[in-house]
Amino acid sequence: MSTDVKKSDAQVAKADLVTATIDGIEVHVPKGTLVIRAAERLGIEIPRFCDHELLDPVAACRQCIVEVPDAGNGRPMKPQPACALGVMPGMVVETAATNEKVAKHQRGMLEFLLINHPLDCPICDKGGECPLQNQALSHGDGESRYEGVKRTFPKPVNISAQILIDRERCVLCQRCTRFGEQISGDDFISLSERGALSQISIYASRPYESYFSGNITQICPVGALTSVDYRFQARPFDLVSTTTTCEHCASGCELRTDHRHFQVKRRLAGDDPEVNEQWNCDKGRYGFCYGRQSDRLTHPLVRRDGKLVPASWPEAIDAAVVGLKAAGSEVGVLTGGRLTLENAFAYSKFARTVLGTNSIDFRARPYGADEAGFLASEVTAKPMDVTFTDLEQAGTVVLVGFEPEDESPAVFLRLRKGNLKNRTKVLAVAPFLSNGSKKMGATLVPTAPGDEVKALEEIASELEAGTILLVGERASLVPGLLSKVRQYAAKGVRWAWIPRRAGELAALEAGCLPQLLPGGRPVNDARARVDLQAAWGVAQLPDSAGLDAEGMLTAATSGSLKALVTAAVELSDLADPEAAKAALASDSVFVVSLEQRLSELAESADVVFPVALLEEQIGTFINWEHRARPVEIVNARAQSVMTDVRVLAALADALGTDLGMRTPPQARTAYLEISDWEGSTPKFTTAGAFGAAAGGDGVRLASWHLAVDDSRCLDGAETLRQSAPAPVARISAATATALGVHDGQQIAISTDAGQVVLPAAVTASMVDDVVWAPTNSGAELFRTLHAGPGDLVRLTVVKTAGGAA
Amino acid sequence: MSVDVLTPTLSDNWDQPDAWKIANYVARGGYEAARKAVGMDPDAIIGLVKDSGLRGRGGAGFPTGVKWSFIPQANPNPKYLVINCDESEPGTCKDVPMLMATPHTLVEGVIISSFAVRAHHAFIYVRGEVLHVIRRLQKAVADAYEAGYLGKGIFGTDYDLDVVVHAGAGAYICGEETALLDSLEGRRGQPRLRPPFPAVAGLYASPTVVNNAESIASVPAIVAKGAAWYKTMGTEKSAGSTLYSVSGHVKRPGQYEAPLGTTYRTLLDLAGGIRAGHQLKFFTPGGSSTPILTPDQLDVKLDYEGVAAAGSILGTKALQTFDETVSVVRTTLRWTEFYKHESCGKCTPCREGSWWLVQTLRNIEQGKGQEGDVEKMLDLCDNVSMKSFCTLADGFVANITSSIKYFREEFEAGYHTPAWELFPYEKSVYFPYERERITVSEGAGE
Ligand SMILES: Cc1cc2nc3c(=O)[nH]c(=O)nc-3n(C[C@H](O)[C@H](O)[C@H](O)COP(=O)(O)O)c2cc1C
Ligand code: SF4
Ligand code: SF4
Ligand code: SF4
Ligand code: FES
């Protein structure tokens, strides 16, 4: 964990500052600073609508007009928009505070803005937090002189499944269209018509498909853009806001979560200039209903006569204790990748001091043989190095096994910004040039899954000091790739590992790997164990290496693992869900599951404990930058007070050991006490030789999770799901020709285990003999095919009866 | 008054049979100036045009040679020349007739000007409605290619030049040079924020000269006959010969080419005076965007300085002429309706101000105005004036405020009497007239 270091103003060389006067007060700012920003520094508020500090100026609304008696050259200017006027040395500016003419302009402009505005504030979602309302009150006249006919439009109309527009409320500030062009790159909305009939429209032929569309509802300075989910749900003044962190990916965006009557009504992007700036993705914004589905657990369950039945907490704890005691130390812990640092730490300590095992793994996903060693040695307990800001300023960024727009949307936004503003060169080592890559201006390094090592060697000249290499969680599936990353690191290439899930970095810090104790201590280092034994006041920590996730499942199948404690593990996330299911279903393994919602895994569990939702607890995520991201209690009237920490503490008590923590804050304190370790760190030894992926019949499978897919964390966010990209099977033109299919025709991707049928999308940039399909959109790819990225699959044309498609 | 005052330069060949045909143009010495220019030092051409005192004929009167010299030649991007022929200002009617009569004069000007600013691509942006002009211009460009005046290695030199004739879609705002560039790039035509100025980052973010068609068409004669000759016409600061469009209640409306600084009195004489039995009431010196003037200003020199001193703008030298039968309320309303229709909608004061003012003016026209409406309109105009994004809005402010300045009582009469009762509309027209129905369902956007 590291704290963020902000560049102070002092670092801006004094020489670059110019002096100007606003309302008689001197201000020293870098030359070219916009007058509106310079005024903010002095605490002078200039009203505005189109201005947004993260969008290029348009100077369209004219609300921010100021007078400039001296442009710095001794001559006056005509009235100027403060949002587009750069400060010049010696410039003299007068705002409404000191110039009655400006005050009149501002009143006049507000009067103009309101003549065609419906003034339906009482039924408008923005009412109460509306810049138009606020500024009309602070800078406008009480009465309008307008008695004419207002422009009207049918309202509202859908821009997308989740966004609505009330065109009559629109003040035509173009923030939304500029967001599409300048930030997300999804310019599917545009102005149409002209004059007072100008309106924000969608294209007839292009649907508004964007992972970032919710941001436009947040920056719209009026209630013109609203989201279907939040419409008429609350009044802003009835909402209680909490600043917290998004749980949906490893970017760790700051969120503002609003609840009313202890039910979350909406989530907005928080403002963290170092991380997400003022944006977030739609998954982060709309994906908050998963905890209020009918499968939410409210009480423990125990298995009686083969069936899970409700039980009291003491009953359930007793049942768990019996099972765990019987298993002795032949027990393992699977924590999933979604826990906070505090909860993960509790599991880590529980495994070592209560269960007496090192068999613990957070990876509920496919992974390669050398990943755990790599993560323990190269990622864990490292200081913050590559940051979001670095991405924006890097000369070259190489992406491998990583699709930012889908797998860490805030990273995508920052890379796009870097590409647009600083001409950052983005190289995507991928099977095709995705839409996200196009929007980042990326150059494709066409690579079949499995050939990434070779691809990196081919662009070795790009991988020099100063380049940033971003490695996704799929990288370990490529033999030798992680070793390659280390080689480049040794050459001065900066790099970062960006997993998909929000809890993976925290799990590493907490020691949720078989060879890793908390704080980066190697299990096989006696000094590290002694250090921890002393800190924890235990006589002995298990010293033998434990089993990793796949090892535990194999051991469960063979009967050598007797019990398993799991934290919200989704079977479908695993490399082979069916095999895992079979392993857990075996009578010889006793399964205790801690989860928020009844999962597929619970079908095989012997005891199920409900645990608190993230919005009900405090905690810490660590994002891919290694930056601590605070999670706060949003909903103080929690349905379940039992966090994972609390349940584990109760189990520990019943098993006769004190876990030493009962609440997340206690867990954090306990973690901080032991987090410093200056001794040895785990060593990474490369597993296996480098080389191309296995050859054979068929084509290679490429796949990743789309940001908006069938993930259970989006349950309840139905309008969001409606705007998810339609699943397709991407193949190259040559592969399509060889197969005899045309674009849009149904094709089957199959293995001996099963098949998935999707429409073919013939993709120009696609490498030959590879098929890409989304991991979990419409069909569960891994479960159906028993195959993952890089594996060989067969492609066949789906014959349609009677010619009907 | 005699026709001596005329200085046919641009219009020299308009009376020739089939003047628009390349052979006829060449027969009268056409393209000789271009041939001469491509053998010159480009900077010398810029110097020559500077020396001639030629000022932009698109309305603002910016010195053309100076504009060309702003092109940063060290910039590695291509340089572009864009000809503004969107001509949509009410009353302005000079570029369109010029292109009908002599398109090759413009093409020749384009060659010389492109060569001077080192452009290898020039675009002529023509208002979309004038299809006949577009066809004629396209034919002229094609013929020039055929003759080797355009294309690769023109006139046997190593200079390449391509010219594209682009049809706009009929929006007044696309005559504003940055909106024109957006439109040319295939975007919605709305003015761009400046800086950067087109000279630095114009078309496709490259250095671009945007000039009015008349400005560029004036160049061949300057190259052929010299700067000193050009300066013999016009006034000290407004040199040269120009096309005045005289329209309205005159006997012979049309284009009159005369030196800058010619008075309206002279032009009226040329046009045969006001129609019989009537007297001049007011006129615009430079199209609907310029404040109106009255008979008191008949002797104002129609050059940039003279008209400015009289409180108006020379603009496009479009003299719309109105006799005493005309209701100034009506003209103001019609003009304001035009601006409301043509407002691009980007900025608040123009978009909303024109919407509002039209409604107020309509009430006044119908005799349904209310006490205080005139003051309110002046106040609204003050809230618009100089605060809009581009100068389109200043155009409607100009004619409302100037009309009220000279004819306030006509507006005040609108508090009780419809304009058509004070100034029966049928009296001001030349054809049988039926008053248009007034639509009130204005508010509906769809
Ligand atoms: C609303 C508006 C419409 C305009 N329309 C035209 C036009 O139709 N033709 C034109 O040459 N200039 C027009 N202009 C002026 C141009 O912006 C620009 O000043 C001119 O093309 C420059 O050419 P010049 O230097 O040769 O005069 C217009 C300006 C505004 C604000
Ligand atoms: S919809 Fe909102 S953000 Fe978009 S232009 Fe209108 S007011 Fe601005
Ligand atoms: S980018 Fe990641 S952290 Fe940010 S809002 Fe989206 S899912 Fe949440
Ligand atoms: S003044 Fe504003 S709304 Fe009017 S045309 Fe210019 S930019 Fe458009
Ligand atoms: S805030 Fe400056 S013009 Fe809109």
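Predicted model: local features only at pLDDT ≥ 70, side-chain atom pairs only at ≥ 80, totals over all residues.
Residues are numbered from 1 along each chain as its sequence is written, chains are lettered from A and ligands numbered from 1 in the order in which they are written, and side-chain values use heavy atoms, with hydrogens and water left out.

Phi of Ala59(A) is near 55°, a positive value in a residue other than glycine, and Ala59(A) counts as buried at 1% relative accessibility, where buried means under 20% relative accessible area, exposed means over 50%, and partly exposed is in between, with a 1.4 Å probe and protein chains only. Arg62(A) has its place in the loop between H1 and S3 of chain A, and its phi, near 65°, is a positive value in a residue other than glycine. At 5% relative accessibility, Arg62(A) counts as buried.

Now to the aromatic rings. A pair of aromatic rings is described by the distance of the centres and the angle of the planes. Here, rings of Phe, Tyr and Trp (for Trp, its six-membered ring) pair if their centres lie within 6.5 Å, and planes under 30 degrees apart count as stacked, over 60 as edge-to-face and the rest as tilted. How many aromatic pairs are there over all chains? A search of the whole structure finds 30. In one of them, the ring centres of Phe112(A) and Trp356(B) are 6.1 Å apart and the planes stand at 90°, so the pair is edge-to-face. This pair crosses between chains, running from Phe112(A) in helix H2 (residues 100–115) of chain A to Trp356(B) in helix H16 (residues 348–365) of chain B. Phe112(A) is buried, and Trp356(B) is buried too.

Another aromatic pair, made by Trp704(A) and Trp772(A), is tilted, with 5.2 Å from centre to centre and 55° between the planes. It links distant parts of the chain, 68 residues apart, with Trp704(A) in the loop between strand S30 (699–702) and helix H22 (718–722) of chain A and Trp772(A) in strand S34 (residues 770–772) of chain A. Trp704(A) is buried, with a relative accessible area of 4%, and Trp772(A), at 4% relative accessibility, counts as buried. In chain B, one aromatic cluster is formed by Tyr25(B), Tyr31(B), Tyr149(B) and Phe155(B).

Let us turn to how helices pack. Two packed helices are described by the angle between their axes and the distance between the axes. The axes are lines fitted to C-alpha atoms, for helices over the stretch in contact, and the angles run from 0 to 180 degrees between N-to-C directions. The axes of H2(A) and H16(B), the two helices that carry Phe112(A) and Trp356(B), come within 9 Å and cross at roughly 65°.

Within chain B, the axes of helix H3 (residues 42–52) and helix H6 (residues 103–117) come within 7 Å and cross at roughly 115°. Here the contact is made by Pro42(B), Ile45(B) and Ile46(B) of H3(B) together with Ile112(B), Phe115(B) and Ala116(B) of H6(B).

I will finish with the backbone of chain B, where two peptide bonds deserve a look. The bond from Arg194(B) to Pro195(B) is cis, with omega near -5°, and a cis peptide bond also joins Pro195(B) and Pro196(B), with omega about 5°. Where is Pro195(B) placed? Pro195(B) has its place in the loop between helix H8 (177–184) and helix H9 (198–201) of chain B, and Pro196(B) is found in the loop between H8 and H9 of chain B.

Terms used: Helix = DSSP H or I, 4+ residues; strand = E, 2+ residues; numbered from the N terminus. Contact = heavy atoms within 4.5 Å.
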